[in-house]
Amino acid sequence: MSVTTASIVVGHPEIEFLKQTSCCERQLTLGFCDTTLLRSIRLKSLNSHTDIASLARKVVEECRLIHPSKLLEVEQLLYYLQNRKNANEKVRGATLILHLARNPDNLEELMQNKTALGALARVLREDWKQSVDLATTIIYVFFHFSSFSQFHGLVTHYKMGALCMNIEDLENQAAKKEYEKSLKKYQMTLFLLLNLAEDTRTELKMRNKNIVHMLVKILERDGEEVLVLAVTFLKKLSIFLENKNDMAEMLVVERLARLVPCDSAELQNTALRLLLNLSFDTGLRSQMVQAGLIPKLSSLLADEGQRQLSMFILYHISVDDRFKSMFAYTDCIPQIMKMVFDCGEDRMDTELISFCINLAANKRNAQLICEGNGLKMLMKRALKLKDVLMLKMIRNLSQHDGPTKSLFIDYIGDLAAQISEEESEEFVIECLGTLANLTIPDLDWELVLKEYNLVPYLKDRLKPGSAEDDLILEVVIMIGTISMDDAGAAMLADAGVIPALIELLNAQQEDDEFVCQIVYVFYQMVFHQVTRDIIIKDTQAPAYLVDLMHDKNAEIRKVCDNTLDIVAECDEDWGKRIQSEKFRWHNSHWLEMVERQQPDQAGGEPFVYGEDPDEGDPFLGNGDMILERPDLFYSADGAISPEFFIDFQSRDMGQTAGYMGSLAEQFAVPAAGHPGGRPTTAYGFRSDEQFLYNYLATASR
């Protein structure tokens, strides 16, 4: 017994429809002794109307090489060939229609032939699995219709979009070998869907059928043309939030990372455009960093064709402070500096200088930028061209402590010379901001003020309404930096800057930034003997600081407290006033509660703060004396120091009889289960809690 294949030729003797193969339905097992033969049987009468059973019997009868037991197999083979012949006829018909559809002038007439188009749609729906050529040809026909918006209704009428999505989904699940065979069909299907997606309503329907998930999976495949279509489609979809979120869930950035860089310029450009759309999302920017795109995109800056898109994406990544330092470990900064210097005196692209401004905000990046003649070239361009954005980059460079800040000493005079009425406010703001960042020890600010006559300009700009608020604020910050130098601070104080600051504080009291910076100036000035005496004795600055001790802004409170601590140490009178105010503030809620308790005593309620109502409230009666005591200090959380209570218990405060019978009486602890309801005290705990009693007992010991 040997196995051979019967090759049956239909119609034309030179065309073999079956060749030796492993498919069982294409094999015949013929019985011979030791001879293997291959026979071709020509069936000229085989067509779609042929009776397959009768033809099979006739073949077995006339061919002595086929055993009668093989009748069923011959019948199956003939049935397959009959269907194969029908498929070829369908391909031929579809191909003829395709030739017509390729000419746009024929589309209008083809649209009128609803019978032909309906037949094409039906055949595709029923037989697309049977023949790759047939499916590809029919999809190609409808693709030509989809290339024109006026025919989208026709394509939608035959539900080609939904059918193509089903085909794509099944092809996605196919093995790689089958995918490569149907690559053309895959490509045309994507192209047709992309054309139909011009209508946002159709695009929404596609999204509801998970078009995003299908397209992201395609990114795992090979094939440049299909990848270009998939990435282009994703780029179009990415402008909508819901689609972008779907892409994030499918880890699209990770799949796109393998396409950057790639050999195909078109595919790479399309992938970069999609990444640019996605880079507006903070989470997706993090995924880009994790996928290692910073060094990849940095390397593309050398490619003029991909430079702009790469820089846009890197700019978006650089907005996040977490990722700024990562640029220092790539060749990004050398490439960027080369691009800056190549501009010469021409106008620099806004995107480029914006990227530089972001990079300069990181200390390590700033060091790399300033290496060699970097800072010198930047300063030269900024001052010569009056480039505000370039100076903003320089201002960011100047904020970093260490060797970078020391490099600016050579340019203090150049920057100070720009501060004048003739220059634009935007340019002066950046010059002032850069100088204000130069908190360098032992820098002689008095010499700078005299050399460039800056005091009149600074004082005039402190007048409310004299300029834009941004400029006035930079002047205040500049004065704060100058006040670190005792001679510079004295020069400003002698010029009447402190009263001008107080006037500005009154005008800008609702602006926390102004208030904080003005208070910081006072903080710097109280370190120096000359200016401290002026502030304490000749101005009302301490009174304003006392009022600001309880500001809602934590930074303002912090600077005020630090300043007032120095004032209290240097002036005894102000020390008592500051101490008294702190006492009043920490105990204001408690004192109000005591005052409200008096009218309630007539109703017969228990007296929490004293046993005998006839004696009056000892705290209220002697409150003034208590507030004047200089030994009442408080911790940061507002709790009264233990020493205060020890004095009370030992009766060392010089009180009259009946002032306080005992701590247990004054701070009576209610019985267990007594309902609460009293407001929380300023100390941070309730006066009727057991904690207070234990604390006092411990303090008394």
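**View 1. Arg381 and Asp387 form a salt bridge, the closest N and O atoms being 3.7 Å apart.** A salt bridge is a side-chain nitrogen of Lys or Arg within 4 Å of a carboxyl oxygen of Asp or Glu. This is a predicted model, in which local features need pLDDT of at least 70 and side-chain atom pairs count only at pLDDT 80 or more, while totals for chains, interfaces and linings use all residues. Residues are numbered from 1 along each chain as its sequence is written, and side-chain values use heavy atoms, with hydrogens and water left out. Arg381 counts as buried because its relative accessibility is 10%; Asp387, at 15%, also counts as buried. Buried means under 20% relative accessible area, exposed over 50%, and partly exposed in between (1.4 Å probe, protein chains only).

**View 2. A salt bridge joins the side chains of Glu345 and Lys384 (2.6 Å, N to O).** The pair links distant parts of the chain, 39 residues apart: Glu345 lies in the loop between α19 (332–342) and α20 (350–359), and Lys384 in helix α22 (residues 374–385). Helices (H or I, at least four residues) and strands (E, at least two) are DSSP runs, numbered from the N terminus. Glu345 counts as exposed at 53% relative accessibility, and Lys384 counts as exposed at 53%.

**View 3. Asp401 meets Lys405 in a salt bridge between their side chains (2.9 Å, N to O).** Lys405 is buried, its relative accessible area being 5%. The search of the whole structure finds 19 salt bridges.

**View 4. A network of salt bridges links Lys392, Arg395, Glu430 and Glu474.** Glu474 is one of the buried residues of α29.

**View 5. Helix α29 (469–482) is largely enclosed by the rest of the structure, because eleven of its 14 residues are buried.** The buried residues include Leu471, Ile472, Met478 and Ile482. The end C-alpha atoms of α29 are 20 Å apart, which agrees with the 20 Å that its 14 residues should span at 1.5 Å a residue. The expected span is 1.5 Å times one less than the number of residues.

**View 6. Glu425, Glu426, Glu468, Asp469 and Asp470 form a patch of negative charge on the surface.** Patches are made of residues with over 30% relative accessible area and no salt bridge, like charges being joined within 9 Å. Helices α26 (425–436) and α29 each supply at least two residues of the negative patch. Glu468 sits in the loop between α28 (455–460) and α29, and counts as exposed at 54% relative accessibility.

Key. Patches are made of residues with over 30% relative accessible area and no salt bridge: like charges are joined within 9 Å, nonpolar side chains (Val, Leu, Ile, Met, Phe, Trp, Tyr) within 5 Å. Accessible areas come from the Shrake-Rupley method with a 1.4 Å probe; for residues, only the protein chains shown count as cover. Lys and Arg count as positive and Asp and Glu as negative; His and the chain ends are not counted. The place of a charge is taken as NZ of Lys, CZ of Arg, CG of Asp or CD of Glu.
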